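Hi,

Here is the structure I promised to pass on.

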Amino acid sequence: RIWNSLKRPFIQEINDGGLTMLNDLLLRFGAPGIKYVLDLCADKERHPVAFYCTAGKDRTGMISAIILSLCGAKPEDIVEDY
């Protein structure tokens with residue numbers, strides 16, 4: 001019941017903050033999971049690697065953007081893909 005009473009204002013706040021706020025929250029609270037995936041990708045013993053979303057596109061998109069950046073992709077190309 002508590003979640004139901006908080007859900008609407010929480011979602012509204014995120015919607016008002018836009019993608020910038022969502023990405024900030026994603027990096028702040030999703031950092032351990034993102035690091036885990038990046039560590040797997042960096043481990044050549046585990047290649048090839050595939051990653052995909054199971055509950056939305058945001059974490060997968062963020063991980064893709066980070067990997068593209070590490071590979072030297074231009075920021076404008078990363079933004080266009082994201």
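This is a predicted model: local features need pLDDT of at least 70, side-chain atom pairs count only at pLDDT 80 or more; totals for chains, interfaces and linings use all residues.

Residues are numbered from 1 along each chain as its sequence is written, and side-chain values use heavy atoms, with hydrogens and water left out.

The largest nonpolar core has six residues: L26, I34, V37, C41, M62 and I63. (Such a core is a set of buried Ala, Val, Leu, Ile, Met, Phe, Trp, Tyr and Cys residues joined through side-chain atoms within 4.5 Å; buried means under 20% relative accessible area, exposed over 50%, and partly exposed in between, with a 1.4 Å probe and protein chains only.) Helices α1 (2-42) and α2 each give two or more residues to this core, and α1 supplies the largest share, four residues. Helices here are DSSP runs of H or I, at least four residues, numbered from the N terminus.

Leaving out residues up to four places away in sequence, I63 touches I34, V37, L38 and F51, where contact means heavy atoms within 4.5 Å. T60 sits in helix α2 (residues 58-70) and is buried, at 17% relative accessible area. Beyond its neighbours within four places in sequence, T60 contacts F51, Y52 and C53.

As for disulfides (pairs of cysteine sulfur atoms within 2.5 Å), the count is zero. For C41, the nearest cysteine sulfur is that of C71, 9.6 Å away. C71 is exposed, with a relative accessible area of 66%.

Best wishes
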